[in-house]
Amino acid sequence: MPTNPTLLAIDQGTTSSRAILFSRDSRIIALKQKELTLYYPEKGWVEQDAVAIWKDTLRVCRAALRSAPDEAACLAAIGITNQRETTILWDRRTGQPVYNAIVWQDRRTAAACERLRAAGHEEKVRAKTGLLLDPYFSATKIAWILENVPGVRERAERGDIAFGTVDCWLLWNLTGGAVHATDATNAARTMLFNIRNQSWDEELLKIFNIPGTLLPEVRDNVAPFGTARKKFLGRDIVVGGMAGDQQAALIGQACFEKGMVKSTYGTGCFALMNIGGEFRLSDNRLLTTQAYRFNGQTTYALEGSIFVAGAAIQWLRDGLKLFRRAADSEALALSVESSKGVYFVPAFTGLGAPYWEPQARAAISGLTRDSTAAHIVRAALEAQAFQTRDLMEAMKADAGGVPPVIRADGGLVANEFVCRFLAAMLDIPVEIPAVAETTALGAAYLAGLQAGVYAGLGEIRNGWRCARRYEPEMLKPGEREALYDGWKKAVKAVLPISA
Ligand code: ADP
């Protein structure tokens, strides 16, 4: 190994494909990014061009390596992290996708999920996968392609078609079609993988009417996944680690202890709590998922998914035009002493955890004659903390305790008001890591473990650095609870009457 080995993280996300070259001590040497187009062919449908996902990824990898040739020469391994659940089916012989990638946000299979629920399958699915029967996951998306693209089911039954989430698709392409494999965290989001016994589940395949011939091999998060061909990156290079984006962030935040929590605030918000090696279902409508699998040993996590976090700030900026840059929201929020009874429930696409209410819609409530844009903006920022508090209440009830600290990341944590209010509303300190790119860093760590750049998790744990820490000081206990009660009433008002 070179004395200064570097690691290339591919972070293939919903809105962009990125490649980041890291030094061994987590310094970003090069970062290249390309925006990715989303297509909305019908109401509730969301698709991407699978070939563009691959080509863009290859392009940003080449650009990142080219921009730092000396460090690129010391590249030890590649790690891949990706938007989860997004579903691609392709021809094993030609490598051509048979349909666009169906993106995780796509709701076209809502009615199919409803039918499966009515047929009494939800408990079985949950017991094996930890997931709720929702279009979010891959299984019903695969079934949709098999049903709706002529000839694909027959070809699949003959063994000519492969399925993969984005990690698997990129690996297959990087290896020139030699490897059809995924990792345990991505497999866990398909709704076909039994996360208790770590195998594709025959009964689930039957329920969703999917032939097992489609499926990739499932490996640990750290594994010799395959060799990216010389023709792509100038020399053969090992893909040594893969994980879905939220799990990669958990690893990038070094949350390896039971009870540790990371919360990522980007377009949406995803909080994961490490619950150790024992599978358990949530009694509070959180998901159970695989945190990671090392040396065949599985660690589980409880996951709370909130669909709209930073997207609410984007809407205030682009929809209402209340400010020009997302960062301006902070000064506006601080220009008033409180939100003065105004609440903003950002349920633009329904509510995720712990409500799971697709029919809910967003609302701004508690307006009076003297409410201003500043109160509304402040309410939108405060909503980030209220939504996280909802998740923390659920995690507390499930896990029997609260974490001593929350490790937060994502674009929104640049906003210090959000961080301070979050700490106060949770009554837990909030820590922001020195390396903000936790998702990509997690993928780099996995690759580095495989390549021997890191000796083990202990080294990664010790390398984690806190850049900023926020104590829960902003609110008095009475204020905190009164504000949270107001939030719960505001949420109740946007739920359908029957809920
Ligand atoms: P993603 O990875 O989901 O695209 P990012 O982690 O890049 O998202 O975060 C971007 C989101 O954070 C945007 O929705 C943006 O509105 C919001 N955001 C970024 N900076 C700030 C800020 N200073 N204050 C409030 N919101 C912000």
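Biologist: What stands opposite Phe 270?
Modeller: Ser 305 in β18 stands opposite Phe 270. Keep in mind that this is a predicted model.

Biologist: How do β16 and β18 pair?
Modeller: They pair in the antiparallel sense, over seven bridges. Strand β16 covers residues 269-276 and β18 covers 297-306.

Biologist: What order do the strands take in the open sheet?
Modeller: Seven strands run β17-β18-β16-β15-β21-β22-β23, with mixed pairing.

Biologist: Which strands stand at the edges?
Modeller: β17 (287-294) and β23 (466-470). Each has a single partner strand, so one side of each lacks a neighbour in the sheet.

Biologist: And the twist, what does it average?
Modeller: 30° from one strand to the next.

Biologist: Which strands does helix α11 touch?
Modeller: Helix α11 (residues 245-252) packs on the sheet and touches β15 (261-265), β16 and β17. Its direction makes about 60° with that of β17.

Biologist: What about α15?
Modeller: Helix α15 (residues 416-426) also packs on the sheet. It touches β15, β21, β22 and β23, and makes about 55° with the direction of β23.

Biologist: Switching topic. At what angle do α14 and α18 cross?
Modeller: Roughly 90°, with the axes coming within 11 Å. That makes α14 roughly perpendicular to α18.

Biologist: Which residues make that contact?
Modeller: Among them are Phe 386, Arg 389 and Asp 390 of α14, and Arg 480, Tyr 484 and Trp 487 of α18.

Biologist: How many are nonpolar, polar and charged?
Modeller: Five nonpolar, one polar and five charged.

Key:
Residues numbered from 1 in each chain as written. Predicted model: local features only at pLDDT ≥ 70, side-chain atom pairs only at ≥ 80, totals over all residues. Heavy atoms only, no water. Axes fitted to C-alpha atoms, helices over the stretch in contact; angles between N-to-C directions. Helix = DSSP H or I, 4+ residues; strand = E, 2+ residues; numbered from the N terminus. Parallel < 35°, antiparallel > 145°, perpendicular 65-115°, else oblique. Contact = heavy atoms within 4.5 Å. Nonpolar A, V, L, I, M, F, W, Y, C, P; charged D, E, K, R; others polar. Pairing = 2+ DSSP bridges.
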